[in-house]
Amino acid sequence: MSTTIQQHATLILVPPFTQETALRKVRLAEDSWNSRDPVRVSLAYTEDSVWRNRSEFVTGRAEIQRFLAGKWQRELDYRLVKDLWAFTDNRIAVRFQYEWRDLHGGWHRSYGNELWEFDERGLMRRREASINDIDIVESDRKFFWPAPGARPADHPGIFEIR
């Protein structure tokens, strides 16, 4: 097992989820996506994980990595905030917002929700994402921490910034 996979394995939280572990799982996912590292992100998913992301369907870690690499080539200065919406034994629902700049310098905010289903090892086997984008002016941005990188603990989340 590679060092990266070993390090990631220590962060895996397994079902059944509690309020505390569901919140932690959401924050770990947010931090991982804010790294903008497709390999790091893909390690949270099963080898045969199935995604619906908007109108795209992605299956397996290799496709997840390709999808994310392309996403972050188009969505520059990406910063994401996730918020726990609900959870059950092996499922978590989140809402999220992220901001990004396109190749022409225009700013956008994407709003969405995700439904996650986990296997017994705590790896996500299914991800359903519904996302809507709006154009914003740079002065309307909400997320300003240095990126790529995790949102600082003192930076407001979705609930605080609305």
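This is a predicted model: local features need pLDDT of at least 70, side-chain atom pairs count only at pLDDT 80 or more; totals for chains, interfaces and linings use all residues.

1. Pro148 sits in the loop between β6 and α5. The peptide bond that joins Ala147 to Pro148 is cis, with omega about 0 degrees.

2. Pro16 is placed in the loop between α1 (3–9) and α2. As background, most peptide bonds are trans, and most residues other than glycine have a negative phi.

3. On phi, Arg36 is not a glycine, yet its phi is positive, about 55 degrees. Arg36 belongs to the loop between α2 and α3 (38–42). Asp77 likewise has a positive phi of about 55 degrees and is not a glycine, but Asp77 lies in strand β3.

4. Is Asp77 buried, partly exposed or exposed? Its relative accessibility is 26%, so Asp77 counts as partly exposed. The cut-off needed here is that buried means under 20% and exposed over 50%.

5. Strand β3 is joined to β4 by nine bridges, and the two strands run antiparallel.

6. The largest nonpolar core has 26 residues. Trp33, Tyr45, Trp51, Leu68, Ile92, Tyr98 and Trp116 are those with the most contacts inside it. At least two core residues come from each of α2 (19–34), β1 (45–53), α4 (61–74), β3 (76–87), β4 (91–101), β5 (107–118) and β6 (124–136). Strand β4 gives the largest share, five residues. In soluble globular proteins, nonpolar side chains tend to be buried together.

7. Which residues does Tyr98 touch, leaving out those up to four places away in sequence? The list is Arg54, Lys71, Glu75, Tyr78, Arg79, Leu80, His108, Arg109, Ser110, Ile131 and Phe143. Tyr98 is also among the residues with the most contacts inside the largest nonpolar core, and it is one of the residues that line the largest cavity.

8. The count of cavities of 30 Å³ or more comes to one. The largest cavity holds about 70 Å³ of space. Its lining consists of Trp33, Asn53, Phe67, Lys71, Tyr78, Leu80, Lys82, Phe96, Tyr98, Glu114, Arg127 and Ile131. By class these are seven nonpolar, one polar and four charged residues.

9. Four elements, α4, β3, β4 and β6, each supply at least two residues of the lining of the largest cavity. The largest share, three residues, is from β3. Trp33 is part of this lining and is also among the residues with the most contacts inside the largest nonpolar core.

10. The second largest pocket contains about 180 Å³ of space. It is lined by 13 residues, of which Arg27, Glu30, Lys82, Asp83 and Arg151 are the closest to its centre. Elements giving two or more residues to this lining are α2, β3 and α5 (158–161). The lining divides into six nonpolar, one polar and six charged residues.

Methods. Residues are numbered from 1 along each chain as its sequence is written. Side-chain values use heavy atoms; hydrogens and water are left out. A nonpolar core is a set of buried Ala, Val, Leu, Ile, Met, Phe, Trp, Tyr and Cys residues joined through side-chain atoms within 4.5 Å. Buried means under 20% relative accessible area, exposed over 50%, partly exposed in between (1.4 Å probe, protein chains only). Contact means heavy atoms within 4.5 Å. On a 1 Å grid over the protein atoms alone, a cavity is a set of points where a 1.4 Å probe fits but cannot get out, and a pocket is an open set with protein on both sides within 12 Å along at least five of seven lines; lining residues have an atom within 4 Å of a point. Grid points are joined across faces, edges and corners, and a volume is the space filled by probe spheres set on the points. Ala, Val, Leu, Ile, Met, Phe, Trp, Tyr, Cys and Pro count as nonpolar, Asp, Glu, Lys and Arg as charged, and the others, Gly among them, as polar. Two strands pair if DSSP finds at least two bridges between them.
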